Amino acid sequence: MRYTLMHISDLHVSWHFDLTVAEQLVRQAHDIQPDLLVISGDFVLRADLTGQLMAAAAYLKLLPGPQLVVPGNHDVSLFNGYYRLFYPLRRYRRFISPELNPVFARPGLTVVGGCTAHGLTIDGGRLHAPQIRTLDYALSRADPGGCRVLVLHHHVVDPPSSKRRPKIANAADALHLMNRHRVELFLCGHTHVSYVGTTNGFQPGPHQDTIISQCGTTTSRRGRGHDRGKNSFHLVDIDDQTIQITPYFYQPDARQFLPASAHAFPRRR
Ligand SMILES: [Fe+2]
Ligand SMILES: [Fe+2]
């Protein structure tokens, strides 16, 4: 069993979208031909602007499939209070994806996406109770001996040495969900900072460590902290022994994304 996931995030199609970087991403994504392209939310800057949603939808068609996508906080209407409160993801579901809990299942691999974006906050996220029940159900149907992967937009732990940004309000519930289902790998975005690590040390009591792939912004000029001005994606290789994560950063001089480091973790048995 061997799978390659390409993890991109926070495209932010808007006036912050870097067309040169975005075009190169399309080329490299087709060269890599991943088994699954994961996009962990924030497709646009303002979901109120139909032009941004249409442009994001058109851009997704240029990228290879299959794709698994989840919404971010920027994919919720901001200015229209009625939509924000009662139909926060209506426009996301119309233009980007109707599915808020996508599942990619293959022998030995199950990838489940969830929704942390909602209308009661500007920046933070939450896993509401119905969402946890839906994810419980999806993960309970995963291949028992396979690798389980969870994808959310918001992070569940603050990466060390980076400026804190609002994470999931009920992060402990998200960690318990991952522990319940022995989720080996967690993919997220939101902070615009690339980070690879584990949940080890972030949760009290007996637990299973989950590997974290937190992707920076792949195509926007909104990189933050030590990723200011930078664009990244993560390549995730999963086989029977190892999960390897390779962050790629766009190098303007080379006009392409190049690997910056490599992180190998043994598979959980
Ligand atoms: Fe973002
Ligand atoms: Fe975000």
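Q: How many residues does helix H1 have, and how far does it reach?
A: Helix H1 covers residues 19–32, which is 14 residues, and from its first C-alpha to its last it reaches 20 Å, close to the 20 Å expected at 1.5 Å a residue. The expected span is 1.5 Å times one less than the number of residues, and helices (H or I, at least four residues) and strands (E, at least two) are DSSP runs numbered from the N terminus.

Q: Before we go on, what sort of model is this, and how is it numbered?
A: This is a predicted model, in which local features need pLDDT of at least 70 and side-chain atom pairs count only at pLDDT 80 or more, while totals for chains, interfaces and linings use all residues. Residues are numbered from 1 along each chain as its sequence is written, and chains are lettered from A and ligands numbered from 1 in the order in which they are written.

Q: Where is Asp10, and what is its phi?
A: Asp10 is found in the loop between strand E1 (2–8) and H1, and it has a positive phi of about 45° although it is not a glycine. His12 has its place in the loop between E1 and H1 too, with a positive phi near 50°.

Q: Are Asp10 and His12 buried or exposed?
A: Asp10 counts as buried because it has 27 C-beta neighbours inside 10 Å, and His12 is buried with 25 other C-beta atoms within 10 Å. A residue is buried if 20 or more other C-beta atoms lie within 10 Å of its own, exposed if 12 or fewer, and partly exposed in between, with C-beta atoms placed from the backbone.

Q: Which peptide bond is cis, then?
A: The bond from Gly65 to Pro66 is cis, with omega near -5°, and Pro66 lies in the loop between helix H2 (50–62) and strand E3 (67–69).

Q: Switching to H5, which of its residues are buried?
A: The buried residues of H5 (129–140) are Leu135, Ala138 and Leu139. They cover an arc of only 95° around the axis, which puts them on the same side of H5; the arc is that of the directions from the helix axis to the C-beta atoms.

Q: And what is on the other side of H5?
A: On that other side Ala129, Pro130, Arg133, Tyr137 and Ser140 are exposed.

Q: What do the buried residues of H5 pack against?
A: They pack against strand E4 (103–106), strand E5 (109–113), strand E6 (147–151) and helix H6 (171–180), where a contact means that two C-beta atoms, placed from the backbone, lie within 7 Å.

Q: How many residues are in the largest nonpolar core?
A: That core has 69 residues, and Val149, Leu150 and Phe186 are among those with the most contacts inside it. The largest share of this core, 5 residues, comes from H6. A nonpolar core is a set of buried Ala, Val, Leu, Ile, Met, Phe, Trp, Tyr and Cys residues joined through C-beta atoms within 7 Å.

Q: What does Phe186 touch?
A: Not counting residues up to four places away in sequence, Phe186 touches Leu150, Val156, Met178, Thr210, Ile211 and Ile212.
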